[in-house]
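Colleague: I'd like to go through this model with you and ask where each label comes from. Could you give me the cut-offs as we go?

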Amino acid sequence: MYQQLTRCLAINAAFALSIALAGCSAGAEDRITADEARDGLQSLISDTAKHLRDEPWNEVVGPPYSMSCGSQKRVKFSYSVNISIGVDPKADAEKVAEYWSSLGMNVRVSDGPIIVVYGSGGPVSVVSFGTGPALYDISGTSRCSISG
């Protein structure tokens, strides 16, 4: 059991890191503040979690954290939450994909033993919802912004 949980956490951490390392491009992102970028990411992930389950999700590494986005004056934020896996991962993945699509985001769903929903646009650069193996995970990176 401990090995399975450790492996699951390692997979989720690697997944979150890949999301966090997603690049930012210059452009419209320069027009949002760091607070708007952080709050948009946190709201999207929190709202997505509530669409699936109305119970507390676990913050993987704490509240959204910032990192450089190509220069000292530009930052982006990363944030991840997880919870024990649900009864019907496929239906939950479809629910997330529909919700993100309703927000005007670009959505892609990978099919396999572990279903992952990827989203981009709207308030975030990238976001994902993973369905396992033992935990659901929602991880994302905000758009780049001008730091205060």
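Modeller: Of the contacts in the protein with a separation of 6 or more, 63% are between residues 24 or more positions apart. Bear in mind that this is a predicted model, where local features need pLDDT of at least 70, side-chain atom pairs count only at pLDDT 80 or more, and totals for chains, interfaces and linings use all residues. Residues are numbered from 1 along each chain as its sequence is written, and side-chain values use heavy atoms, with hydrogens and water left out.

Colleague: How many helices and strands does the protein have, and what counts as one?

Modeller: There are three helices and eight strands. Along the sequence the pattern reads α-α-β-β-β-α-β-β-β-β-β.

Colleague: Why is Ala97 called buried?

Modeller: Buried means under 20% relative accessible area, exposed means over 50%, and partly exposed is in between (1.4 Å probe, protein chains only). Ala97 has 11% relative accessibility, so it counts as buried. It lies in helix α3. Leaving out residues up to four places away in sequence, Ala97 touches Val107, Val109 and Val117. Its C-alpha atom is 8.0 Å from that of Gly119, 22 residues apart along the chain. For the protein as a whole, buried residues make up 43% of the 148 residues.

Colleague: And why is Val61 called exposed?

Modeller: Val61 has a relative accessible area of 56%, so it is exposed, given that the cut-off is over 50%. Val61 sits in the loop between β1 (58–59) and β2 (65–68).

Colleague: What makes Val60, Val61 and Tyr65 a nonpolar patch?

Modeller: A patch takes residues with over 30% relative accessible area and no salt bridge; nonpolar side chains (Val, Leu, Ile, Met, Phe, Trp, Tyr) are joined within 5 Å, like charges within 9 Å. Together Val60, Val61 and Tyr65 have about 250 Å² of accessible area, by the Shrake-Rupley method with a 1.4 Å probe, where for residues only the protein chains shown count as cover. The protein's accessible surface comes to about 7800 Å², and 55% of it belongs to carbon and sulfur atoms.

Colleague: How do you know that Arg38 forms a salt bridge with Asp35?

Modeller: A salt bridge needs a side-chain nitrogen of Lys or Arg within 4 Å of a carboxyl oxygen of Asp or Glu. The closest N and O atoms of Arg38 and Asp35 are 3.2 Å apart, so the pair qualifies. Both residues lie in helix α2, three residues apart, about one turn of the helix. Arg38 also meets Asp39 in a salt bridge, at 3.1 Å from N to O. Because these salt bridges share partners, Asp35, Arg38 and Asp39 join into one network. The structure holds two salt bridges.

Colleague: Why is Arg38 called partly exposed?

Modeller: Arg38 has 27% relative accessibility, so it counts as partly exposed. Asp35 at 44% gets that label too, as does Asp39 at 36%.

Colleague: What makes β5 and β6 a strand pair?

Modeller: Two strands pair if DSSP finds at least two bridges between them. Five bridges join β5 (residues 116–121) to β6, so these antiparallel strands pass. One of the bridges links Gly121 to Val124 in β6. β5 and β6 form a hairpin with two residues between them, and Gly122 in the turn has a positive phi of about 65°.

Colleague: How many bridges join β6 to β7?

Modeller: Six, with β6 running antiparallel to β7 (residues 135–142). Val124 has Ser142 as its bridge partner in β7, and a hairpin of four residues joins β6 to β7. In β6 (residues 124–130), six of the seven residues are buried.

Colleague: What makes a set of residues a nonpolar core?

Modeller: The members are buried Ala, Val, Leu, Ile, Met, Phe, Trp, Tyr and Cys residues joined through side-chain atoms within 4.5 Å. The largest core has 27 residues, and Trp57, Trp100, Val127, Phe129 and Ile138 touch the most other members. α2 (34–52) gives the most to this core, with seven residues. Leaving aside neighbours within four places in sequence, the contacts of Trp57 include Ala49, Leu52, Phe129 and Ile138.

Conventions:
Contact = heavy atoms within 4.5 Å.
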